[in-house]
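Reader: I would like to learn how to read a fold from its strands and pockets. Where do we start?

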Amino acid sequence: MTKAVLLAGTNSGVGKTTVSMGIMAALKRREMEVQPFKVGPDYIDPTYHTAICGKPSRNLDTFMMQVEGVKNTFSQHSENADINVVEGVMGLFDGMGATEIASSAHVAKTLDIPVILIVNVHGMSRSAAAIVKGFSEFDKDVNIAGVILNKVGSPRHAQMIIDSIPDIPVVGTLPRNKDVTVPSRHLGLYMAHEQDFDTESLASFIEENIDLDAIISLSETASDADKYTGETERESDVKIGIAYDSAFCFYYQEMFDAFRREGAEPVFFSPLKNELPEVDGLYFGGGYPELYISELEKSKTTKSLKDLSAEGIPIYGECGGLQYLSTSYEIEGTVHKMADVLPAQTVLTKKLQALGYTEGHANGDFIRGTIRGHEFHYSATYCDNDAKLAYEMKRGKGIVDGKDGLTEHNALASYMHAHPASFPVKSFVEKCREYKRC
């Protein structure tokens, strides 16, 4: 029996992440096996889920993964959990443009799991009931099975609202509490490993103000997930180095799993610690290279990559990886030398340059096919005149002129963060095998 709930908000900023983390922590305190999921292209919230639940959090996105991809991921990872908790994204019905695609509602309908709606009731009373009514009737195929009231002013305030919502149970009323918020910065919240967050106090706060038994009961109304019939891991014959530290920390767990299914063993290393393992390919994800620019500029790893690339080792980079693999990175007027693998210069900007879903078509030697992902960055990259770009963007900004995927030798990097549901992992791993044979 699959037990699952999706925690959604009326909009961004209602406390969805904090409430989701608290419910996960409180359920774990009951010694339940909690499998976390996150709707949308998010690297940061899943780090908190993973730290709390002791299981890698999995992303569910009906644009990047398509409906079948979401079903496959959920079925594979939900079967061994006592309860599955899905944190939504933005407002419940917010998707791509005016569509439901990639919304929390679309995921809830795809998986047929109940939704618990989180409403920030600060500054309102009976009007909260109108909001709940509107959400519950907007799409009858979405099962809004419970409500959590956040930022409640007093017990009397909570009761007025509860009395105004006769049809959907209110399973929690959370008073205002400044001590349970997670600080944020330009790319979102701080990562879980960057701070000592008090999950025990958060779990206690949730237990005092939310009916966990009611949530567990609602989770039992979810439909049983399909049995997973996908591929399993094969014996590895190549190694791919994954840059993984405070500078490079934006990765989908599914990408590592996809490497393993294709026979590639991920080997994690830190450019900040001057590490560079003996591997057959390299992957530099996104993150915060700008916060560690001096350490990266001095790193032996940085200084070794140009020669390795010239020898033909396959290198793949995304966003922060693109910045790092460029010739230089200018921050507040100071130009820092980078790996010089790709013929381009990157400049950190004060203004957001791109945010949203992406879709590119690649038709080159390194990579082929349509790739879906997302972009989110505060930098601009200026390519040399003879630079080669592998992606024609159908959606998204890319690097320049509707193109992305800067390539040189067997190295490729883009502003697009790709998901393995469409990224040609098999082709990349085969490139690594060719390099190993040579």
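Author: Helices (H or I, at least four residues) and strands (E, at least two) are DSSP runs, numbered from the N terminus. This is a predicted model; local features need pLDDT of at least 70, side-chain atom pairs count only at pLDDT 80 or more, and totals for chains, interfaces and linings use all residues. Residues are numbered from 1 along each chain as its sequence is written, and side-chain values use heavy atoms, with hydrogens and water left out.

Reader: Which hand does the β-α-β crossover from strand 2 to strand 3 have?

Author: Point the strands away from you: a path from the first strand over the helix to the second that runs clockwise is right-handed. Here the chain leaves strand 2, passes through helix 2 (residues 45-53) and reaches strand 3, and the crossover is right-handed.

Reader: How many bridges pair strand 2 with strand 3?

Author: Pairing takes at least two DSSP bridges between two strands. Strand 2 and strand 3 (residues 58-60) have three, in the parallel sense. Strand 2 is also parallel to strand 4 (residues 83-91), over five bridges. There, phenylalanine 37 faces valine 86.

Reader: Which way do the side chains of strand 2 point?

Author: In a regular strand the side chains alternate between the two faces of the sheet. From strand 2, Val34, Pro36 and Lys38 point one way, and Gln35, Phe37 and Val39 the other. All are buried (under 20% relative accessible area; exposed is over 50%, partly exposed in between; 1.4 Å probe, protein chains only).

Reader: Which strands stand at the edges of the four-stranded sheet?

Author: Read the order: 17-16-18-21, an open sheet with mixed pairing. Strand 17 (334-337) and strand 21 (379-383) are the edges; each has a single partner strand, so one side of each lacks a neighbour in the sheet. Strand 16 (residues 326-331) runs antiparallel to strand 17, over four bridges. Tyrosine 329 is set opposite histidine 336 there.

Reader: What lies closest to the centre of the largest pocket?

Author: On a 1 Å grid over the protein atoms alone, a pocket is an open set of points where a 1.4 Å probe fits, with protein on both sides within 12 Å along at least five of seven lines; lining residues have an atom within 4 Å of a point. The largest pocket holds about 1,200 Å³, the space filled by probe spheres set on the points. Of its 50 lining residues, Ser12, Lys38, Asp42, Asp45 and Val89 are closest to the centre.
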